[in-house]
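Here is a short briefing to read alongside the model. Have a look at the fold, and then let's go through a few of its details together.

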Amino acid sequence: MFQRMTRSRYTKLLLTFLLIFALVSTQEMTVARAQVANVAIGDVPIAQLKSEITKTTPGPLRNFFAGVLAAREGRDEEAIQLFTQALPSLRRTDPDQAALALRLLANVYDRDGLYAHSTPLYDELAKSNLLNRLTETDRQGAQDDAELARVLADSPAQTITRNGPVHLITSRENPLGVITTDITVNGVHSEWILDTGANESVISRSLASQLHLPILPGVAHTSGGVTGIENELHVALMPSLPLDGVTAHNVVLLVLDDANLTLSDGAGHSYHIAGIIGFPVLRALGRITFHHDGTLDATVDGGSASAGSPLELRFFNPVIEAMVEGKLLPFTLDTGASGTNLSVRFFDRFQAEEPTWKKVQTKNFGAGGETTSQSYLVPSVALGVGGRIVTLHKLAVAPAAQHADIDTLFGNVGEDLFQSVQSFTFDFPNMRFVMGPPLSAPNATGKH
């Protein structure tokens, strides 16, 4: 199964602290006592974050907590302001929270392409003992983040020029079954995957050479999704990337060797990936709708602020809370994944159902090669997401950690969900995810 190819900093979700403030009344005063629990941020629903903020007295800790919420809701400017306000006090009083605030703030800057602002924050983490206060996984992620930030520190941020609506012809006619579109840049025609799970856009070295893209000085590293295979890579900036009525400028491209972008589908066939349009470009398009009839439409304006389900961001990862057996559980939404994979957290939560699962060997394909791991095949899972209930079949669930972002959520939702409906929409202006009517619906029009 094809997994998105991202740097290890992106494929691992940040652990943060859930700060719960209990107001304790005395005859003289009410004091706020912080009880700190080392909880994965994926365990804390947005509603609970909002509730805790309202219970917290104004000050640096509240700003920190509110900054976490703003970052998850895609309110980047507000998140930057809140973390910046919180940090001076946290540096003096709470080094653990200071380390997390630095990490989170740096990632928000990265998400906005402001690498010159994130680089000093990574330097502060590295030159102080604050880096050692992060978990081992996040410490490695911060070090990897810093590599890319330093390569791009002097580069301009991505911008968008809008000359009209976006209407692209798409296809799933490839061995991986993922969504692609044909793009012509400087007279060179090539097929690009449209991948919400790719935290930066990617280009093969041969295509970068054809386009005469200069490679920036410096080296970063990437990890091939669940394979964990690390690859050395370089970085290029594409001056202009035309997408019908929109042109993206200064697009960051991770440059991978062609061999690392030639993947097997497990059936003796290989597929060469020329390029991947990743999350930063797709988010900048605004409200993007993928239609099953083989088109994509995008507009800068959002749709209904109450349609579908709330969408959130875990750094560069679009995340949705799906209803599974009466519980809201977080999953990543990944148009670059051939199918849905379930995580060790899903395994642990539903282990009582294991007797109905079949033990199998799963091949994981990613940048740099493939790995084989033991997993179980879950017969079916019903997901309530985007205003629809969709039942997915024969899903692989990992009985052990994969050392990737999937470990901290309940799974990575891929094409088997998206292909079940006439359309699906990522409404980034309103932070909503909307599923259209099912394909089997009576009188389906095929496009909504």
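Setting aside neighbours within four places in sequence, I203 is in contact (heavy atoms within 4.5 Å) with W192, A208, L211, L213, M238, L253, L254, V255, L256, L261, A274 and G275. This is a predicted model, where local features need pLDDT of at least 70 and side-chain atom pairs count only at pLDDT 80 or more, while totals for chains, interfaces and linings use all residues. Residues are numbered from 1 along each chain as its sequence is written, and side-chain values use heavy atoms, leaving out hydrogens and water.

**Helices α5 and α6**
- Helix α5 (residues 95–111) packs against helix α6 (residues 115–127) at about 155 degrees, with axes 8 Å apart.
- The two helices are therefore roughly antiparallel (angles over 145 degrees) to each other.
- On the α5 side, the residues that meet α6 include L102, L105 and Y109; on the α6 side, L121, Y122 and L125 are among them.
- By class, this contact has nine nonpolar, three polar and three charged residues.

**R283**
- R283 sits in helix α9 (residues 279–284).
- Not counting residues up to four places away in sequence, R283 touches G74, D76, R111, D112, L313 and F428.

Notes. Axes fitted to C-alpha atoms, helices over the stretch in contact; angles between N-to-C directions. Helix = DSSP H or I, 4+ residues; strand = E, 2+ residues; numbered from the N terminus. Parallel < 35°, antiparallel > 145°, perpendicular 65-115°, else oblique. Nonpolar A, V, L, I, M, F, W, Y, C, P; charged D, E, K, R; others polar.
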